[in-house]
Every structure is written in C-alpha cells, then in structure tokens.
Amino acid sequence: MQCERVQKELESYLQGTVTPEERAEINAHLSTCAVCSEEATAVKELGQTLRRGLHAWIDQGECPPQLARQIELSIRQGARRPWWRRTWSVYAGASVAAAAVLMIVMWQQPDVAERMASVPLVGAIAAQFISPDLEVQFDPLTPVNTALMQPTRTVAVDGTAEAQGMKLTVEKFEVSPQLTRVRYFVRGLMLIPEIDPLTYQPELSAKDGPVRLRGFNADQRDQGVVFQAYFDPVGSGQALTFTLDRLPVSQAISGRWALQPNGQVDARELPAAGQWQRNGSKVTVTLNWSDPNVLRLTEWTATDSAGKEYAVAEVGRPAYADGAWTQTLTIEAPETASGLELRSSRMENRVIGPWTATFTSP
Amino acid sequence: MTMEDRFFALYKPEQGRLYRTAWAILGNEADAGDALQEATIRAFRAFDQLKGGAAAFPAWMRRILVNTCTQILRKRMRVIPVERPEDYGGELVAPDVELPLGGDVWDAVRALDERYRAVVVLRFLNDMQLEDIATALDIPLGTVKSRLHTALKQLRGHLQGLDGERRGAV
C-alpha cells in the first residue's frame with residue numbers, strides 16, 4: 001500500500017473501522033515505513049489533544065441566562081395548552097375533500113386516556129389509542145382501529161422520497177377486507193399541535209382514482225414523526241401512489257421588527273411589515289405578509305432601547321384573507337418605554353413536497 | 001413533581017455543555033441557541049419514552065441535540081454547489097483570522113472553515129464513526145475522510161506548541 005493511501009486511511013484505522021484486509025495491509029506498511037509510522041503516532045496524539053481540548057471547553061460552558069429562560073418558558077407554556085380539543089360536524093359520506101373534520105382528538109400526556117374514557121362517545125376510541133400525539137377520524141360512529149385490520153395481507157414497501165430536508169419512508173402497507181393501512185415515517189418533522197391537523201393528511205391513489213382516507217394518527221419521535229393512515233380497502237395487485245403534498249413545519253428563525261415613531265413596524269430580517277398603536281399600557285402590533293406558506297411567527301420577546309424586556313401576547317392565530325396573512329400581537333409596555341423592538345425566534349411554515357412513494361398492493 | 005419539573009431537574013445540569021456542543025458543531029452562538037431550543041422541545045416531547053431514567057438522560061439528550069444540529073447543517077450545506085476537495089487548497093481558515101501558535105484547542109478548531117470544523121467536532125467531540133458523520137451530513141464517506149485529513153494537517157501546526165508547553169510545565 002502506498003504512503004499516501006495509508007495516511008488517508010489513518011483516521012479510520014485508528015478508529016478500528018477498516019476491513020480486516022485493510023488493517024493487515026496497513027499494519028504491514030507501518031512496520032516497514034518510519035514516515036507513516038511517525039505519522040500514525042502524530043495523528044493519534046493530535047486526536048487525543050483535540051478530544052481533551054474540546055471536552056474541556058464544553059465542560060466550562062454556560063448557557064446564556066436569557067436563552068435558558070426562553071427555553072424554559074416555551075416548554076412550560078406549551079405544557080399548559082388544553083390537552084384535548086373536540087370538533088363535531090355533520091357528515092354525509094365524508095370525503096377527503098370535505099373541509100369539515102368529524103373528530104379531532106389530541107393529547108400530550110399519557111394519562112389522558114383515563115380522562116377521555118369518561119367522555120361519551122370518545123371513550124371507546126381513547127381506550128384503544130393511548131399513545132398518539134394526534135388522531136383524526138372522519139367518521140366517529142365507525143372509527144378506524146386495529147380490530148378492523150383482520151385478516152391482513154402485508155407488503156413490505158421500499159418507498160422513500162426526500163424533499164426540503166425531510167425524508168418520507170413508507171414502512172408497511174397492509175390490506176384487510178375493511179381497511180387499508182399505511183405506516184410511514186417522516187424524518188425531520190416536528191408536529192405543530194395548534195394547527196389544523198388536516199394539513200398532515202396523506203393521499204393514496206390507484207389507477208382509477210383516489211382512495212378514500214378514513215382516518216390517521218401521528219406520534220412524535222425524536223428523529224421525526226410516525227404516522228398510520230387508514231384508507232378504504234383496495235384490491236390486490238394494484239399500482240398505488242402514496243403522496244404527502246405539503247407539511248407544516250416549525251423552524252427556528254431570528255426575526256426582528258422595530259416599532260418606528262410614525263406608527264410603522266419595520267422588518268429587519270423577514271418580509272413582514274405592519275403597524276402599531278398604543279392603547280393605554282398596551283401596544284397593539286399588526287403584522288402582514290403575503291407568502292401563503294408562512295403560517296405563523298411565534299416565540300416573541302420585546303425589548304426597549306435600554307434592553308428591558310416586556311411581555312408579548314399573540315392575539316389568536318394569524319388570519320389569511322385577500323392574499324395576505326395578518327397576525328396581531330400585544331406588548332405590555334408603559335408609555336415611557338421607547339425604541340421598542342420585537343423579536344421572533346420561531347416560524348411555522350409550510351414546506352412544499354411532494355413526497356411520493358409508489359408500490360403495488362398485495 | 002410535574003413532568004416539566006422532572007425534565008428540567010435532569011436537563012439544567014447539562015444545559016451549559018449542550019449549548020457549547022451546539023456552538024462547536026454549528027460555529028456560532030446564535031445558531032447554537034436556536035438548535036438548543038429546538039432540541040430541548042423535541043426532547044421534552046419524547047421524554048416519556050426515555051428508558052433508563054436519570055442515568056440515561058445526558059447521552060440521550062446529547063444525541064437529540066447532535067441530530068438537531070446536523071439537520072441544520074444538512075439544510076445549510078444543501079445550497080452550496082458540490083465542491084471538489086482540491087478547491088479548498090489553501091483556504092481552510094478564514095483569511096483574516098490569525099491563529100495563535102500554541103493556542104487553545106477551541107481557538108484553532110473554531111477558526112476552521114465550517115465544513116472542516118463540523119467533521120472535526122463530530123469526530124473528536126462527539127466520537128462519531130466516519131460513516132455516521134457521512135450519513136449525518138449527507139456527504140460521501142470519501143469526502144469526510146479527505147476533509148478530516150486536511151483539517152488535521154492544518155490543526156497540527158497550530159497545536160504543536162500547546163503540547164510542547166504542557167510537557168514543559170510538568
């Protein structure tokens with residue numbers, strides 16, 4: 001083996017990740033080549049120096065107090081959101097296209113199932129679904145569940161699709177006389193509980209048209225979200241296409257808006273502008289933007305020119321009308337506060353896929 | 001104790017280390033703050049799935065943080081056109097930075113160009129296998145190896161003094 005090649009592989013060699021043949025070749029070379037042997041020692045020592053030095057630097061680390069406060073607040077406030085929401089509406093052969101969702105159940109704590117069991121009609125479902133973070137059923141009188149999946153034909157699917165930094169993997173595809181179930185994983189996704197859960201809904205189509213979605217649920221994991229979608233049953237040997245058209249995501253940003261004396265709000269880093277006005281001890285700010293895929297700006301803080309912080313509250317969720325989004329905030333700041341600046345550290349937006357996987361039904 | 005209380009009891013002692021880890025991987029404090037916030041929220045949401053209790057928490061939390069950081073790096077690196085290793089001939093270090101000879105390890109590493117710093121940090125701070133670094137950054141294994149090789153050559157010159165001083169002091 002040549003010196004150049006050996007030196008390139010030294011890191012792998014020291015880590016122990018070369019093949020046994022390569023290891024033997026490198027050992028042989030090192031025993032006869034003083035230059036490479038010295039190089040190997042130098043690289044090993046350098047690695048140790050780097051490791052020690054970086055770990056020492058990490059161990060001295062402190063998190064900036066304001067950031068620590070912000071993180072704690074966002075988690076504690078998040079935990080206090082309502083633990084479930086229920087929406088009823090009229091159904092008449094509900095189709096996927098219908099905007100009315102018949103039942104949305106959402107929870108974040110594992111003991112919610114017990115509380116849910118005492119609520120009429122929802123009890124039977126809660127008893128079966130204890131863990132999902134999100135569940136949508138299109139027909140509350142005949143909810144989809146695992147009992148309807150007997151007997152099952154399964155096909156292992158090798159469908160992956162990547163777009164915009166997120167990766168869809170269809171893991172399992174099962175058909176029973178009553179239902180079709182697709183299990184899929186979207187790596188890199190984090191659920192946003194407050195938005196319309198229908199934004200997450202998938203589509204399945206066969207050659208002669210779309211297959212009706214009956215319900216789906218989602219579970220947040222640390223790498224992404226696991227989904228299970230239930231559709232009407234499909235026949236055997238059909239060519240199918242599974243699609244996620246767009247996904248709502250929440251991403252960290254740093255947006256700043258300065259409240260100008262003339263009542264305008266100037267965006268420093270994001271294309272949203274607006275107006276503000278004072279109402280006694282509160283300042284009301286209205287922001288507008290035209291990008292339909294930016295759903296909400298959140299995690300707000302307000303500071304004045306002296307660096308003092310004030311509480312910011314979002315008034316409802318942003319509304320979309322006439323080609324623009326409007327979001328309203330209020331800042332609790334007295335008349336004496338000047339040079340107010342708003343900062344947002346999180347944006348909820350829609351990432352356009354599509355993520356598509358194709359396969360044949362068993 | 002609420003779930004949030006239990007989470008923060010385990011999380012707060014680690015927060016300083018986590019912050020600097022994110023800083024080391026991403027290269028600047030602003031991004032580190034973003035990544036730490038995102039990772040903490042993800043960890044909290046998955047907290048009830050953690051097995052092994054308090055002892056398992058630090059490594060588990062670190063893994064979530066590193067995954068969040070490499071996800072950010074993947075998105076960031078995506079917009080840069082595919083480069084050839086030879087394009088990086090002499091520009092491993094930002095041109096206007098003067099590396100102190102025999103200086104601190106962190107000073108030397110932080111001055112590396114971002115793509116080189118990332119592999120060095122993931123390898124020597126997070127002890128990741130080269131194959132895992134390749135997957136995490138969505139780059140070929142060969143690219144990881146050559147970046148590491150050239151970064152180490154560069155770092156060696158600036159860290160040699162450090163070791164010499166240490167030995168002298170003993």
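A residue is called buried when its relative accessible area is under 20%, exposed when over 50% and partly exposed in between (1.4 Å probe, protein chains only). By that criterion W106(B) is buried, at 3% relative accessible area. This is a predicted model, in which local features need pLDDT of at least 70 and side-chain atom pairs count only at pLDDT 80 or more, while totals for chains, interfaces and linings use all residues. Side-chain values use heavy atoms, without hydrogens and water.

**Aromatic pairs**

- Rings of Phe, Tyr and Trp (its six-membered ring) pair if their centres lie within 6.5 Å; planes under 30 degrees apart are stacked, over 60 edge-to-face and the rest tilted.
- Over all chains, the count is 18 aromatic pairs.
- One of these is W57(A) with W106(B), stacked at 3.8 Å centre to centre with 20° between the planes.
- This pair joins two chains, because W57(A) lies in helix α3 (residues 34-59) of chain A and W106(B) in helix α4 (residues 105-110) of chain B; helices are DSSP runs of H or I, at least four residues, numbered from the N terminus.
- W57(A) is buried, with a relative accessible area of 8%.

**Aromatic cluster in chain B**

- F7(B), F8(B), Y11(B), F44(B), F47(B), F57(B) and W60(B) form one aromatic cluster.
- The ring centres of F7(B) and F44(B) are 5.4 Å apart with planes at 80°, so the pair is edge-to-face.
- F7(B) belongs to helix α1 (residues 3-26) and F44(B) to helix α2 of chain B, 37 residues apart.
- F7(B) is buried at 0% relative accessible area, and F44(B) is buried at 9%.

How values were computed: Residues numbered from 1 in each chain as written. Chains lettered and ligands numbered in written order.
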